[in-house]
Amino acid sequence: MVLAVNWPPQAPMEPNPAAPMRRVNTPDPLDLQERQFLAACVNTPKDGASFLAKAAGEQALSTPLNQRALVHLQAHLEAPAAGTDDDPELGAFMAEIVNRATETHSRTILEAEMLKLEKARLDRRIVDIRAAGAGDIAALAAERSKVQAALNRLVEQAMDAELG
């Protein structure tokens with residue numbers, strides 16, 4: 001009988017402190033923000049439909065799955081799981097969105113989520129223009145400042161309403 005022996009013995013692997021610690025399939029902050037927006041639309045369907053249309057027109061979502069979900073929700077906002085039988089990935093994603101939608105949302109939160117998406121879209125365009133070395137960053141930065149100011153006002157209004 002022959003026993004397999006590892007020789008020389010290997011030391012246990014040490015974690016690399018320089019390597020970023022990320023779990024597999026963990027959405028990035030922008031993806032999470034987009035998912036929160038979709039959930040807010042599901043939770044407030046009366047207002048959500050118009051916000052979905054606006055987000056679609058501005059191409060506000062950054063991942064193919066989020067974009068597919070937006071298109072799907074435009075047709076199935078009242079019943080997000082409907083029509084996903086032939087697309088298991090979208091079905092699982094809709095289940096997550098519906099689960100997120102159980103949190104309290106209002107039109108104000110929906111507006112804030114839309115402004116966050118707009119700000120992220122402008123940030124992406126600024127990065128792209130810088131990388132290309134051509135374009136009017138100043139105009140985009142001014143537009144971004146306006147969006148941030150609108151978001152700040154909305155947060156103040158929400159806080160005032162909450163404090164009563």
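**Exercise 1.** What span should the 15 residues of helix α1 (residues 29-43) have at 1.5 Å a residue, and how far apart are its end C-alpha atoms?

*Before you start.* This is a predicted model, in which local features need pLDDT of at least 70 and side-chain atom pairs count only at pLDDT 80 or more, while totals for chains, interfaces and linings use all residues. Residues are numbered from 1 along each chain as its sequence is written, and side-chain values use heavy atoms, with hydrogens and water left out.

*Solution.*
- Helices are DSSP runs of H or I with at least four residues, numbered from the N terminus.
- The expected span is 1.5 Å times one less than the number of residues.
- For α1 that rule gives 21 Å, and the end C-alpha atoms are 21 Å apart, so the two agree.
- At the start of α1, a side-chain oxygen of Asp 28 comes to within 3.1 Å of the backbone nitrogen of Leu 30.

**Exercise 2.** Find how many of the residues of α1 are buried, and what covers them.

*Solution.*
- Buried means under 20% relative accessible area, exposed over 50%, and partly exposed in between (1.4 Å probe, protein chains only).
- Twelve of the 15 residues of α1 are buried, including Leu 30, Phe 37, Leu 38 and Val 42.
- Their cover includes α2 (45-57), α3 (64-76), α4 (88-100) and α5 (107-132).

**Exercise 3.** Is Arg 35 buried or exposed?

*Solution.*
- Arg 35 is found in helix α1.
- Its relative accessibility is 11%, so Arg 35 counts as buried.
- Contact means heavy atoms within 4.5 Å.
- Leaving aside neighbours within four places in sequence, Arg 35 is in contact with Pro 27, Asn 66, Phe 93, Glu 96, Ile 97 and Arg 100.

**Exercise 4.** Now contrast Gly 135: is this residue buried or exposed?

*Solution.*
- Gly 135 lies in the loop between α5 and α6.
- With a relative accessible area of 60%, Gly 135 is exposed.
- Arg 125 is ten residues from Gly 135 in sequence, and their C-alpha atoms are 9.8 Å apart in space.

**Exercise 5.** Which helix gives the most to the lining of the largest pocket?

*Solution.*
- On a 1 Å grid over the protein atoms alone, a pocket is an open set of points where a 1.4 Å probe fits, with protein on both sides within 12 Å along at least five of seven lines; lining residues have an atom within 4 Å of a point.
- α6 gives the most, with seven residues.
- Of the 13 lining residues, the closest to the centre are Thr 108, Ile 109, Leu 154, Ala 158 and Met 159.

Key: Helix = DSSP H or I, 4+ residues; strand = E, 2+ residues; numbered from the N terminus. Polar contact = N/O pair within 3.5 Å; in protein donor to acceptor, adjacent residues only side chain to side chain.
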